[in-house]
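Thanks for coming. I have one structure to go through today, and I will keep it short.

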Amino acid sequence: MLTDTDRREIERLWTRKLDQDAKKLPQAERHRNLEPDSAELLCVLVERLKARRVVEIGGSSGISTIALAAALRGTEGRLTSIEIEPQRQAEAKATLARLGLQSHVEFILGDAAKVLPSLAAQDFVLLDCEKDDYVRFYEMLPLARAAIVVADNVLSHDLTAYQAHVRAKADSVTLPVGKGLELTRPR
Ligand SMILES: C[S@@+](CC[C@H](N)C(=O)[O-])C[C@H]1O[C@@H](n2cnc3c(N)ncnc32)[C@H](O)[C@@H]1O
């Protein structure tokens, strides 16, 4: 469950992102983060599904990391947070430590393409990286039997190729939350 303190951190990160967008900073200086509403939903899903092995591809500065790790509070569950950009991950690490959530997270710095083959089967996956990689990474995911895969940005970006790909082999639905979440249950 997200605590008030978790929510304040999410709000702080989100407000900064909106401020950077409003100032039209160069893309490299802007943080790309998950919407707070999406974070709330992910936290509830992971908690109520009782997911124990959770992975996110694209942790960035950590809104989704807070949400997924908070769902694992008081459980043996573990989040693997994969991020390719060192500064973003360093910030997420510091935030999660401040929230007392670091023991639930293994931070891996690197390209998900290289990390995914070494992971055990996962119960819950968040895809939130470059959109061109979604299909490729979906195919690389080690999934447990009842796994759920959530992909962000399906309403803000053209991800019809990804949606068609997963719908050909899985049950999948678009949730109009935040920038659009594709929730997929492999058959
Ligand atoms: C939209 S942001 C993620 C936002 C984050 N989930 C949050 O809630 O704040 C996308 C992130 O994916 C990372 N990324 C892109 N390609 C990657 C890859 N191949 N492996 C790991 N991380 C990657 C980027 O560096 C960027 O920080």
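Predicted model: local features only at pLDDT ≥ 70, side-chain atom pairs only at ≥ 80, totals over all residues.

The largest nonpolar core has 32 residues. The residues with the most contacts inside this core are Val 46, Val 54, Ile 66, Leu 68, Phe 124 and Val 150. Both helices and strands give two or more residues to it, among them helix 1, helix 2, strand 4 and strand 5. Which element gives the most? That is helix 3, with seven residues.

Take Val 150 as an example. Beyond four places in sequence, Val 150 is in contact with Leu 42 and Leu 45, then with Phe 124 through Leu 127, and also with Leu 181, Glu 182 and Leu 183. There is also a second, separate core, of 23 residues, including Leu 119, Leu 127, Val 154 and Val 166.

Next, Val 135, which lies in helix 6, residues 134-140. Its relative accessibility is 28%, so Val 135 counts as partly exposed. With residues up to four places away left out, Val 135 touches Ala 161, Tyr 162 and His 165. Val 135 and Leu 159 are 24 residues apart in sequence, and their C-alpha atoms are 9.6 Å apart.

Last, the largest pocket, which holds about 820 Å³ of space. Its lining has 36 residues, and the closest to the centre are Arg 32, Ser 60, Asp 128, Cys 129 and Glu 130. Helix 6 supplies at least two lining residues, as do helix 1, helix 3, strand 2 and helix 4. What is the make-up of the lining? Nine residues are nonpolar, twelve are polar and 15 are charged.

Definitions and conventions. Residues numbered from 1 in each chain as written. Heavy atoms only, no water. Core = buried A, V, L, I, M, F, W, Y, C linked by side-chain atoms within 4.5 Å. Buried < 20%, exposed > 50% of the residue type's maximum accessible area, 1.4 Å probe, protein only. Helix = DSSP H or I, 4+ residues; strand = E, 2+ residues; numbered from the N terminus. Contact = heavy atoms within 4.5 Å. 1 Å grid on protein atoms, 1.4 Å probe; cavity = no way out; pocket = protein on both sides within 12 Å on 5 of 7 lines; lining within 4 Å. Points joined across faces, edges and corners; volume = space filled by probe spheres on them. Nonpolar A, V, L, I, M, F, W, Y, C, P; charged D, E, K, R; others polar.
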